[in-house]
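Open the model in your viewer and colour it by chain. The tour below goes from stop to stop and says what to select at each.

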Amino acid sequence: MEDVASRIVDKAIALGCQDAVADVVENRSYQIRFARNEAVISNQWRESNASVFVVHGKRVVASDVRDLSKTDEAVERLVKIAKTSQANPDYAGIAKGPFRYARTRPDPKVLSLHEGGKYVEAAVGGALDQGAKECAGSFWKYEDEHFLATSNGAEGHDHRASLYLSIRALVSLESSGHGIACASKLSQFQPEKAGQKAGRIAALARTPKPAKAGRYTVLFDPLIFGSLTDQVGGRLSAWAVLAGLSPFGKKIGKRVASSQLTLYDDGSADSIARKRFDAEGVPTRRNLLVNKGILKTYLHNTSTAKKFKTKTTGNAGLVAPDSHAVFVKPGDRSRDEIFSEVKDGLWLTNTWYTRYQSYVTGDLSTIPRDGIFHIRNGDVVEAWKDIRVTDNLLHLMKNIVALSDEAEQMMWWGEVSVPNFVPYALIKDVGITTSNQ
Amino acid sequence: MNAEMDLVDFAVDQARSKGATYAEARYEKQDPENFILKNGVLDALYVGHDQGIGVRVLVNGALGFAATNSLSKDGVRAIVDDAIKIAKASRRKTKITFAQEDSIAMNWSVPESKKLADVSVEEKIAEIQGVDRDVMQLGFKIAARFFNLSDNRIRKFFANSEGSRIESYSPRLRVFYFLTVVEGAGVEQTSRNYGWSGGWEGISTWGLSDRVVEEARSMHRSLTEGKKSPEGKMDLVAGPQVAGIASHESCGHPTEADRVLGREAAQAGKSFIPPDGLGMRVGSELVTVVDDPTVEHAIAYYLTDDEGVKARRRYLYKEGRVTEFLQNRETAAALGTHSNGASRAVNYNVEAIVRMANTFVEPKDHTLEELLEDVKFGVYMKSFMEWNIDDKRYNAKYAGREAYLIEDGEVKHPVRNTIVELTTPAFWSAVDAVGKDLDFEAGFCGKSDPGQALDASMGGPPIRLRNVHLR
């Protein structure tokens, strides 16, 4: 497959392209979806494709080539199309290699795993033991292998594999909880613990009461705090800033969060999305994005970096830079200590459907789901339902008052798009609204 | 006979010979092309040539699905083995069954007056650059412009072990745009989405330049003349875009039978409508909401679904009551009924699941002027920006983008950030008049794991709601 990637790049250069990148990917992932406490379908993929990026006279064309036996024809077609396209004056090339990459290898026990039923059963069992009646979710074994070549001398191979389980446990339609298990090593994979957490929250959320709108101090569970930090990571892409899709424009060096928040992106660290290199072949690394509340950098590829007069952060995607994995530096208090600080507030455990009224201002709302709890003096006094967080991303980040001392890896359908390592977060003055009728 | 259909037949035969009680195979070839014009600059052009085959089997009452883009008999044999093996490993206590449906032999395609494949990249870029030029001549600050033109040509070959054999071709065209208008410290943002099943001729049906220019003008007017939206109980006239999103979110999604039965519980959620909820009152007698894949040129047009079942119009809510769930063969069997052809997949490599197509409020007989003239005090919310709804599809929010105060039947000044935050029954029960002029917008509907963002459209005529709480 290295040969295929190199052949694509060589062909593109021979046809007059100034830059070319080919990332040949073999996907061998496997999944079990479950609902009503048992598997509803099992899925297996055997796919290979080449993500190709060619630039001819600053005219940028990207593609996925599926038929790897006919790459020459595919590249010829792309170059022909590129010649009829238009130049992008902002295009500034791809990073110059060659590069040296970290020697990471997937866990052989993950690679040899071909049956996930027992992990589903462990998760469901964990939830039912806590009082749940119905569970649904997904078990994933992710496995893909990348062979990358660029016209600037980068050549890389990266075999990635990890395990993931997401479980929602329900006592009833309005009493539910969610748990997540992520691991790159089989020995660290804890589906039963995820099920227990989901079941425990569901049981605690029995007979929820209608909520009262207002402004509250809110304790965000890692899953929902991860949804917020995922928003931060995504909006820190320089591409989003340039497209008017970010509240972080013109805020480098300025305060964007409370001093409690230090946040970095790191594709090279152990996570279920660890990768050796970005789409230009640049080695992934740790990039400090927010230091004690001060914005330090956006996420860049070579072109956006030039536009912002800086260097690539190794976050290139095929076209736009994006986060690999977001890490929040934990605080210094235990989860229980933070709970005890809540005199009259809420504990939210999950959310979905985050939408913006304005990406530039950061005005948004998101709808908590699963357990929603009213807390007094550190104790859950009752479960609530049917609320919406109606606030502003910057306001929420600036009002972080405490973070717990342990971060958990979160990733979840739609809301947490890349791994986010997040602790519990206590945020003051959070806007909560409800349906008026 | 062609090679693709041969391969599909081979997959089904293989699966049956290896113990599947039911098998289906779906080959898809997609030729997507799209580009982004960002602030007047062509960011990148994406051109795809995607093809592969997916096989779904029912073995011992369990489902297995496997997919490959290796289009050889060896490649297909391997995924059939995979699908059988993982289905057998499921060890289900309750057996999945499919509702019995007629087998179909059919070949359908969407006509193109001007074939998408014959339109050059230059022509497509020039079309959008023309729109961008028009909007830049307005003379006020448009801080960010983002246009995405995309088209796709989808060819499918489907066969199942019950004798269905279907070939189809569906060309689709879509424009998405996103604008940011700034005036002083004020910012307005909008995004709109138009779709078409057919050829390049679709581009001229939207009046795109006029729509974008009108939208930008309204954004500027909101910033310069807009006042705080009134708060309290009043009448609301919701434009087609708002009626459309509400029909999609609070009528279409809660009537998806897989949600109702809990199959989507961990992802897109469940439904406030229980499995025995047909007949439940959710709105006034004027509210009829349909989902119809056979609306010509709508972006989610199709004549057979991805389980080989004929498409037809579905009445989700009729005269204010829940009348029909969206069904595939699995959910139909569980609920003791038949599929209504709502099973779709975004590509060859994912299972088909229950999906909406083109969902809309059925029009009646009022003009917009008639809806407005009878309002003493209220808001005309023509479009929205922010929206969301909970995962049981009961609590929805629509935040106005273009909205105006109505006083004594007259449209007055713009109002900013009008918030409609209501339950599904409160919203639909307040409807006391329905307009006659139907309009659609396109959208991507997200569901399933792995996520399937699928073409959908939504629409309606303007509708009037009486005495609802706005803020």
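In which sense do E24(B) and strand E25 of chain B pair, and over how many bridges? Select E24(B) together with residues 454–460 of chain B, which make up strand E25. The two strands pair in the antiparallel sense, over seven bridges. Keep in mind that this is a predicted model.

**Stop 1: the sheet around this pair**

Within that pair, pick Glu441(B); opposite this residue, in E25(B), stands Met458(B). Now widen the selection to the open sheet of six strands in chain B, whose order is E13-E12-E11-E16-E25-E24. The pairing in this sheet is mixed. Go to the edges, where strand E13 (321–322) and strand E24 (439–445) of chain B stand. Each has a single partner strand, so one side of each is left without a neighbour in the sheet.

**Stop 2: chain B as a whole**

Of the 471 residues, 59% count as buried. Among contacts in chain B with a separation of 6 or more, 74% are between residues 24 or more positions apart.

**Stop 3: the two domains of chain B**

Where they meet, 43 residues of domain 1 of chain B are in contact with 34 residues of domain 2 of chain B. Several elements supply two or more residues to the domain 1 side, including strand E1 (22–30), strand E7 (165–183) and helix H5 (208–225) of chain B. E8(B) gives the most to this side, with eight residues. By class, the domain 1 side divides into 15 nonpolar, 17 polar and 11 charged residues.

**Stop 4: the two domains of chain A**

Switch to chain A, and select residues 2–204 for domain 1 and residues 209–433 for domain 2. Here the centres lie 22 Å apart, taken over C-alpha atoms. In this chain, 35 residues of domain 1 are in contact with 35 residues of domain 2. On the domain 1 side, E6(A) makes the largest share, six residues. That side has 18 nonpolar, 12 polar and five charged residues.

Next select residues 222–235 of chain A, helix H6. The helix has 14 residues and reaches 19 Å from its first C-alpha to its last, close to the 20 Å expected at 1.5 Å a residue. Is H6(A) mostly covered or mostly uncovered? It is mostly covered, with 13 of its 14 residues buried.

**Stop 5: where the chains meet**

Finally, show both chains. The contact takes 66 residues from chain A and 72 residues from chain B. On the chain A side, the largest share, 12 residues, comes from E3(A). That side has 27 nonpolar, 24 polar and 15 charged residues. Zoom in on E3(A) and strand E4 (residues 62–68) of chain B: five bridges join these strands, which run parallel. To find one of the partners, select Arg46(A), whose bridge partner in E4(B) is Thr68(B).

Notes
Residues are numbered from 1 along each chain as its sequence is written. Chains are lettered from A and ligands numbered from 1 in the order in which they are written. This is a predicted model: local features need pLDDT of at least 70, side-chain atom pairs count only at pLDDT 80 or more; totals for chains, interfaces and linings use all residues. Two residues are in contact if their C-beta atoms, placed from the backbone, lie within 7 Å. Helices (H or I, at least four residues) and strands (E, at least two) are DSSP runs, numbered from the N terminus. Ala, Val, Leu, Ile, Met, Phe, Trp, Tyr, Cys and Pro count as nonpolar, Asp, Glu, Lys and Arg as charged, and the others, Gly among them, as polar. Two strands pair if DSSP finds at least two bridges between them. The expected span of a helix is 1.5 Å times one less than its number of residues. A residue is buried if 20 or more other C-beta atoms lie within 10 Å of its own, exposed if 12 or fewer, and partly exposed in between; C-beta atoms are placed from the backbone. Domain bounds come from an automatic or database domain assignment.
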